[in-house]
Amino acid sequence: LFKAYPSTSKLLVLSTFSGGSVLVYSDLNTAVTPKDGQHKKKVVVLGSGWSGYSFLSYLNNPNYDVQVVSPRNFFLFTPLLPSVTNGTVEARSIVEPIRGLMRKKGFGFTEAECVNIDATNKKIHCRSKDSKSLKGTSEFDMDYDILVIAVGAKPNTFNTPGVEEHAFFLKEAEDALKIRQSVIDCFERASLPDLTEEERKKILHFVVVGGGPTGVEFSAELHDFLVEDVAKIYPKVQEFTRITLLEAGDHILNMFDKRITAFAEEKFQRDGIDLKTKSMVVGVTADEISTKERGTGKVVSEPYGMVVWSTGIGLRPFIRDFMQQIGQEKRRVLATDEWLRVEGCDGVYALGDTATINQRKVMEDIDAIFTKADKEKTGTLNKKEFNGVVKDICQRYPQVELYLKKKKLRNIANLLKSANGDDTEINIEKFKQALAEVDTQMKNLPATAQVASQQGKYLAKCFNRMEKCEKRPEGPLRFRGEGRHRFQPFRYRHFGSFAPLGGEQTAAELPGDWVSIGHSSQWLWYSVYASKLVSWRTRTLVISDWARRFIFGRDSSSI
Ligand code: FAD
């Protein structure tokens with residue numbers, strides 16, 4: 001349509017600019033607007049997960065030639081992945097084919113994985129899954145003007161010996177299906193004749209490593225499956241079943257409110273889930289898992305039937321190579337500025353689990369905010385001034401706010417008391433010292449779908465408004481006095497977190513320090529996740545899966 005009727009495209013571009021509040025920086029948008037017959041800027045998007053899909057859904061700027069490269073041609077709704085492991089929800093119900101969106105938006109899609117980024121020549125090197133395609137070669141290059149890296153992360157094994165070979169992961173749809181099949185296989189194997197009691201116990205020992213939200217939810221789902229469904233089908237071996245949850249830290253769900261952690265630990269104890277905290281896995285063999293007890297240093301090995309590894313995420317190898325190219329080799333995660341631009345590299349953005357917003361900058365900016373506030377150079381601020389400054393910091397840096405909330409410092413002056421001993425006159429230097437401590441302790445933005453999808457939406461809105469910025473270079477927002485006019489930086493809004501604990505009970509931590517645990521939160525969980533599914537098709541499928549489970553129970557065939 002745009003090729004045939006370029007004027008239509010201009011009209012649509014203008015209408016796109018008519019609302020919204022995101023402002024644009026001008027240093028990246030030179031020659032964005034293509035005149036008739038001119039080269040459109042080529043935007044290559046790597047990944048079709050939470051951040052990539054959200055970016056593509058909100059991107060409405062016909063001035064870009066958008067090409068998506070991803071090894072999977074669908075979007076996966078990961079929060080419901082644990083429910084796929086026991087058949088509560090079918091895998092197909094939580095995937096949305098990407099081709100539909102591509103067709104609607106006029107974007108190109110290539111099913112391949114990027115294996116190398118050549119930032120100097122603005123090229124990516126890709127490998128297709130199908131080795132027979134592309135005239136006998138499965139590899140090809142693709143140029144870009146702008147690259148959006150949204151490739152997520154891979155499970156982190158911390159180089160623990162034997163994990164890659166013997167453990168299951170829970171990251172992709174195939175992983176969940178493999179787990180589902182393996183659980184049932186364990187029961188079938190344990191039901192074979194002529195096995196000793198010890199052998200049956202070994203086969204039916206399910207070990208989950210990692211007490212974060214995914215490990216906890218998976219343990220809870222597995223427990224429900226075993227109690228509510230499998231026990232009825234395999235009554236003879238039911239007594240040999242055991243679930244062990246291993247966590248290296250002092251508690252499970254340590255990113256949640258303490259009340260939730262305590263409730264979850266008690267519930268797991270009541271349910272008979274063997275919870276072992278302060279236990280670090282040091283090795284996995286085909287038959288045994290070895291843990292080292294923190295404190296005593298004692299190493300204990302136990303036989304197992306199945307291990308599921310869920311201890312967090314790590315960088316994809318090609319991102320590590322890319323970081324070396326651009327001078328970020330010392331960092332743990334790819335660093336971006338607050339506009340999601342990769343530091344040390346032009347025209348490359350990174351979002352979602354792959355990247356983190358550089359903390360050093362956060363402290364420098366906090367310093368600048370205080371310096372600005374301390375106009376009279378008295379070295380102190382009164383409470384009102386101080387609250388204004390803190391509000392400003394928290395708005396700009398959600399990490400600080402999240403940290404303070406986690407520490408239950410509802411009134412930030414409490415932090416001051418410890419730094420200052422006096423909450424009427426705030427000593428700026430002392431507060432900065434306290435914040436520096438916050439900085440070292442505070443975690444980056446959590447690696448969640450919430451962050452990833454908000455980043456995708458934010459970046460798409462920036463891209464949608466590139467031309468507006470070009471036309472009005474004076475821009476309505478002046479930031480940091482650099483003489484540049486930029487978009488507002490990315491701001492994360494936390495809408496709360498859920499931790500399903502099994503037995504139709506969920507813990508919910510919602511904004512405003514509101515904690516709710518139990519059956520009512522489970523219904524909230526059902527409604528929130530049903531509403532968050534990306535299409536009516538997946539919503540209908542998931543709701544019918546839930547209904548099927550209520551009526552008929554879960555399907556326990558290992559098909
Ligand atoms: P992803 O969604 O992982 O997407 C990455 C994309 O990149 C994929 O399409 C992948 O195929 C593609 N890709 C990979 N390698 C390449 C390559 N080399 N080249 C090109 N493309 C590539 N978060 C929540 O907020 N709430 C929850 O309840 C929740 N539950 C979760 C449950 C589970 C089991 C898991 C695993 C995660 C859960 N998360 C949850 C976290 C959430 O899924 C992630 O934070 C989110 O997926 C990150 O989005 P992303 O776009 O960075 O990466």
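Three strands form an open sheet in the order 24-25-26, and their pairing is antiparallel. Helices (H or I, at least four residues) and strands (E, at least two) are DSSP runs, numbered from the N terminus. Two strands count as paired if DSSP finds at least two bridges between them. Strands of a sheet pair through backbone hydrogen bonds, either parallel or antiparallel. This is a predicted model: local features need pLDDT of at least 70, side-chain atom pairs count only at pLDDT 80 or more, and totals for chains, interfaces and linings use all residues. Residues are numbered from 1 along each chain as its sequence is written.

Now follow the pairs. Strand 24 and strand 25 run antiparallel and are joined by 5 bridges. Pro500 has Thr506 in strand 25 as its bridge partner. The two strands make a hairpin with 2 residues between them. In that turn, Gly503 has a positive phi of about 60°. Strand 25 (residues 505-510) also pairs with strand 26 in the antiparallel sense, over 5 bridges. Here Ala507 is the bridge partner of Ile517, and Ala508 stands opposite Ser516.

Helix 18 (residues 519-532) packs on it and touches strand 24, strand 25 and strand 26. Its direction makes about 75° with that of strand 25. Helix 9 (residues 258-271) lies across strand 24, strand 25 and strand 26, at about 15° to strand 24. Contact means that the C-beta atoms of two residues, placed from the backbone, lie within 7 Å.

Another open sheet has 3 strands in the order 14-15-16, with antiparallel pairing. Strand 14 (279-284) and strand 16 (299-303) stand at its edges. Its neighbouring strands are turned by 30° against each other on average, direction ignored. Strand 15 (residues 288-293) pairs with strand 16 over 5 bridges. Ser290 stands opposite Ser301 in strand 16.

Of the 33 residues around it, Gly47, Gly49, Gly152, Gly352 and Thr448 come nearest. A residue is near if its C-beta atom, placed from the backbone, lies within 6 Å. Among the elements that each supply at least two residues of the shell are helix 2 (50-58) and helix 16 (449-464).

Methods:
Axes fitted to C-alpha atoms, helices over the stretch in contact; angles between N-to-C directions.
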